Amino acid sequence: MTQSDPIPHPELEADCDRCFGLCCTALSFSRPDGFGHDKPAGILCHFLAGDYRCSIHPRREDLGYEGCIDFTCLGAGQRASQQFATQNWQRDPTTRRQMFARFAQLLKLQEIRQALIQAKGLVVSDQQEEERGMLLAAVAKIADGERDSGDDVDVQTLITRAQALITRLAKASSSDRF
Ligand code: SF4
């Protein structure tokens, strides 16, 4: 590693070996966005193999699936999958919907978690750092915890607070430069 390499954040890394192919199942996608076919949310991509791996993985670019290459779940997939690993989500549509809902929640949590980590470079006061650290810890607790550790209202409130802080930090940082 050189000095200019970014600091690794394992908590934001996708682990496809521990995921049930949720990005290839739960999410929708369409041709104009860099996918070779249109797919509604909740339906398996027809290239997803039985072991939850992509059967065209080395050929995705050639076949027009750049959108798959560009996408990262930031670790949402394995978190949601492992929380439902012992349940019969394959046969039970209600459980499957719950897993997809938790995946959607985790996508938002991991995205704001990344933004809060990156916002460290914008912090200029102890008070801002305290608020950033408190929000980051709260987001991590829900993202790394059990699926019922935060309902959607709590999660959305937390995300809104984090977004407000990041916006304030970004504005202060850009006004400092002029
Ligand atoms: S093409 Fe492969 S990576 Fe893309 S959604 Fe389908 S199975 Fe997943």
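Start with the whole chain. Residues 24 or more positions apart make up 64% of its contacts with a separation of 6 or more; two residues are in contact if their C-beta atoms, placed from the backbone, lie within 7 Å. This is a predicted model: local features need pLDDT of at least 70, side-chain atom pairs count only at pLDDT 80 or more, and totals for chains, interfaces and linings use all residues. Residues are numbered from 1 along each chain as its sequence is written.

Colour by secondary structure. You will find five helices and zero strands. Helices (H or I, at least four residues) and strands (E, at least two) are DSSP runs, numbered from the N terminus. The C-alpha atoms fill a box of roughly 50 × 40 × 35 Å along the principal axes. Of the 178 residues, 25% count as buried. Buried takes 20 or more other C-beta atoms within 10 Å of a residue's own, exposed takes 12 or fewer, and partly exposed is in between, with C-beta atoms placed from the backbone.

Next, select the ligand and its shell. Around the ligand sit Cys24, Cys45, Phe47, Leu48, Cys54, Ile56, Arg60, Tyr65 and Cys68.

Now pick Glu66, in helix 1 (residues 66-70). Glu66 is partly exposed, with 14 other C-beta atoms within 10 Å. Beyond its neighbours within four places in sequence, Glu66 contacts Gly34 and Glu61.

Move to helix 2 (residues 76-83). Six of its eight residues are buried, so helix 2 is largely enclosed by the rest of the structure. Select the six: Ala76, Gly77, Gln78, Arg79, Ala80 and Ser81. What do the buried residues of helix 2 pack against? Show helix 3 (93-118) and helix 4; both are packing partners.

Finish on helix 4 (residues 126-144). Its 19 residues should span 27 Å at 1.5 Å a residue, and the end C-alpha atoms are 26 Å apart, which agrees. The expected span is 1.5 Å times one less than the number of residues. Select its buried residues, Arg132, Leu135, Val139 and Ala143. Look down the axis of helix 4: these buried residues fall within an arc of 70°, so they line one face. The arc is taken from the directions from the helix axis to the C-beta atoms. On the other side of helix 4, Asp126, Gln127, Glu130, Met134 and Ala137 are exposed.

Notes. A residue is near a molecule or strand if its C-beta atom, placed from the backbone, lies within 6 Å of it.
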